[in-house]
Amino acid sequence: MAQDRPQAVAPPTTSPNGVRPATAPPSADPNAGYAKAIEINHLVKKYKNVVAVNDISLDVYEGEIFGFLGPNGAGKTTTIKTLLGLIFPTAGDVRVLGKPAGDIDVKQKISYLPESPYFYEHMSAREVVGFYGSLFGLSGTTKAKRVDYLLEQVGLQGAGSKALRDFSKGMLQRVGIAQSLINDPKVLFFDEPTSGLDPVAHRDIRDLILHLKNEGRTIFLSSHQLSDVELVCDRVSILNRGKIRRLGHVEDLIAGAHIEIVADNVRADDARLAQLREMTTGVEQAGNKLIIQTDATTAAKNRVLDWVRGGGGDVLEMSQTRRTLEDIFYETVHEGEVEEGTAMAIPRQGVK
Ligand SMILES: Nc1ncnc2c1ncn2[C@@H]1O[C@H](COP(=O)(O)OP(=O)(O)OP(=O)(O)O)[C@@H](O)[C@H]1O
Ligand SMILES: [Mg+2]
């Protein structure tokens with residue numbers, strides 16, 4: 001894919017030095033009536049015979065960090081580009097801050113960190129960020145102060161004068177984030193901000209994203225780093241093959257919807273084991289022990305307990321399992337593939 005230039009696409013913004021106060025809710029709830037920062041209604045985007053985005057609808061609320069997830073080719077970047085007004089929907093409607101995507105007022109208040117930001121290598125970080133400041137109408141000491149502030153915010157205060165050709169990938173990513181903040185944006189679109197970074201840089205950028213949320217900004221974050229997403233996002237959607245397959249609060253998606261029961265000394269022939277597999281979501285054998293996973297409902301638990309006791313066994317442990325976003329992601333993408341008949345025939349360890 002061709003490298004994208006960061007989009008600093010607007011004339012001056014109101015208060016380049018100021019940051020918005022931390023008024024955003026910690027987790028926006030659609031029922032609480034928060035203002036919508038992003039609205040996507042039945043968006044379809046086709047490229048010749050490829051349907052990159054296939055009728056998706058989604059709202060993001062002001063002050064949220066929204067994780068826009070999906071495997072390679074799912075349609076994430078395509079969606080982000082329609083939200084930025086860089087490409088046009090084939091069908092459907094997208095709005096940002098209540099106005100159609102691409103609206104000139106809106107462009108002043110948003111920014112974009114592309115998947116692979118591209119900068120002129122001979123320029124320094126200060127020059128690059130300053131250049132974007134000029135595009136937004138900043139000049140003189142206002143611009144210099146803003147640039148210094150942003151370089152410090154992204155941890156580049158000591159490296160502002162160095163040519164970018166001498167920068168590591170992590171440092172370039174920081175430059176990208178600094179330039180994306182030059183217009184004090186209300187809504188930030190980050191496409192893979194932590195890809196290819198070492199663990200320290202990862203953590204720094206993750207912390208910075210949280211800091212930006214605390215400043216009241218809305219962040220639309222596309223990322224394959226699911227552990228980061230789990231830590232920073234309020235809600236996520238999982239896109240696969242152009243359709244949204246899951247959408248919800250991270251906490252709800254990863255909540256322990258399963259119970260793990262460890263049973264010992266159960267007498268069970270193949271027929272009884274098959275019966276157990278039928279009524280649960282996973283069975284593993286470890287010596288004399290059986291590790292059984294089932295839904296966290298009372299009925300499901302009772303069925304397993306009856307089965308264990310029916311075989312003269314003991315229940316050693318019962319615990320609620322906490323799933324990770326990676327589990328949810330895997331299941332969601334796998335389900336989509338099973339529906340469409342292309343799943344790999346390799347079962348996941350520990351899952352029947
Ligand atoms: N300009 C284009 N012309 C033709 N097809 C395109 C174009 N841009 C994207 N596509 C196709 O649209 C689909 C979605 O691509 P998109 O880049 O939106 O995916 P993505 O979710 O961002 O993937 P990744 O995680 O790899 O960045 C893919 O099948 C891709 O090949
Ligand atoms: Mg992409």
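**Exercise 1.** Determine in which sense strand β3 and strand β9 pair, and over how many bridges.

*Solution.* Strands are DSSP runs of E with at least two residues, helices are runs of H or I with at least four, and both are numbered from the N terminus. Two strands pair if DSSP finds at least two bridges between them. In this predicted model, local features need pLDDT of at least 70, side-chain atom pairs count only at pLDDT 80 or more, and totals for chains, interfaces and linings use all residues. Residues are numbered from 1 along each chain as its sequence is written, while chains are lettered from A and ligands numbered from 1 in the order in which they are written. Strand β3 covers residues 65-69 and strand β9 residues 235-240; they pair in the parallel sense over four bridges. As an example, F66 has R235 in β9 as its bridge partner.

**Exercise 2.** State the strand order of the open sheet and identify its edge strands.

*Solution.* The order of the six strands is β6-β7-β8-β3-β9-β10, with mixed pairing. The edges are β6 (110-113) and β10 (243-249), each of which pairs on one side only.

**Exercise 3.** Classify the angle between helices α3 and α4.

*Solution.* Axes are lines fitted to C-alpha atoms, for helices over the stretch in contact, and angles run from 0 to 180 degrees between N-to-C directions. The axes of α3 (residues 125-135) and α4 (residues 140-153) come within 9 Å and cross at roughly 125 degrees. Angles under 35 degrees count as roughly parallel, over 145 as roughly antiparallel, 65 to 115 as roughly perpendicular, and the rest as oblique. The two helices, α3 and α4, are therefore oblique to each other.
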